[in-house]
Amino acid sequence: EQNSIERANGTLTILGQNSDIIDAPADLCNARLAEARDALVAFSHLSVIGPDGRIRCASNPRAVGDSVTDRDFWPEIVQGGTFAVAAPVRGIYSGGTVIWTVRALTKADGTFNGAVTASIDLDEVRKLLRARQAANNA
């Protein structure tokens, strides 16, 4: 799971610097996040959250407009944290067990400007680990 968290941190750093996603209109941002999620097997969801705590765009457009201000990671990110990992929860849309990873976004002047998120699908991570163990035992 640690490798998945490190990979999420790297992925979110890249997504957070990609103005073709962050600054895109919501429909285009949704499509680009869905493409990225499809290419990144262990992630069940990607999103961009505005500074108000509402999902601005997401790999699953049904999430757009949802608030994350009640999530345990939000206060840490708003108060200056750069990267947070939430406790496992049941994914609202995937139905699986996920861990939210969150990277803060900042404006050029350093002020808080929202966040990018990647939900790690723990069931998918377990499948990958089992496959790796089977390959090592073969």
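# Cores and ring pairs in a predicted model

User: What does the side chain of Thr 101 reach at 2.7 Å?

Analyst: The side chain of Thr 101 comes to 2.7 Å from the backbone oxygen of Ala 118. Bear in mind that this is a predicted model. Thr 101 itself sits in strand β5.

User: Why does Thr 101 count as buried?

Analyst: Buried means under 20% relative accessible area. Thr 101 has 0% relative accessibility, so the label buried applies. Leaving aside neighbours within four places in sequence, the contacts of Thr 101 include Ala 8, Leu 12, Phe 83, Val 116 and Ala 118.

User: What makes the pair of Phe 73 and Trp 100 stacked?

Analyst: Two values matter here. Ring centres must lie within 6.5 Å to pair, and planes under 30 degrees apart count as stacked. For Phe 73 and Trp 100, the centres are 5.3 Å apart and the angle between the planes is 25 degrees, so this aromatic pair is stacked. The pair links distant parts of the chain: Phe 73 belongs to the loop between β2 and α4, while Trp 100 is in strand β5, 27 residues apart.

User: How do you know whether Phe 73 and Trp 100 are buried or exposed?

Analyst: The cut-off for buried is under 20%. Phe 73 has a relative accessible area of 2%, so Phe 73 is buried. Trp 100 has 8%, so Trp 100 is buried too.

User: Why is Phe 112 called partly exposed?

Analyst: Partly exposed covers what falls between buried, under 20%, and exposed, over 50%. Phe 112 has a relative accessible area of 22%, so Phe 112 is partly exposed.

User: Which residues have the most contacts inside the largest nonpolar core?

Analyst: They are Cys 29, Leu 33, Leu 46, Val 48 and Ile 120, in a core of 23 residues. Among the elements that each supply at least two residues are α3, β1 and β6, and α1 gives the most, with 4 residues. A second, separate core of 15 residues includes Ala 58, Ala 63, Phe 73 and Ala 115.

Definitions and conventions:
Residues numbered from 1 in each chain as written. Predicted model: local features only at pLDDT ≥ 70, side-chain atom pairs only at ≥ 80, totals over all residues. Heavy atoms only, no water. Core = buried A, V, L, I, M, F, W, Y, C linked by side-chain atoms within 4.5 Å. Buried < 20%, exposed > 50% of the residue type's maximum accessible area, 1.4 Å probe, protein only. Phe/Tyr/Trp six-rings, centres within 6.5 Å; stacked < 30°, edge-to-face > 60°. Polar contact = N/O pair within 3.5 Å; in protein donor to acceptor, adjacent residues only side chain to side chain. Contact = heavy atoms within 4.5 Å.
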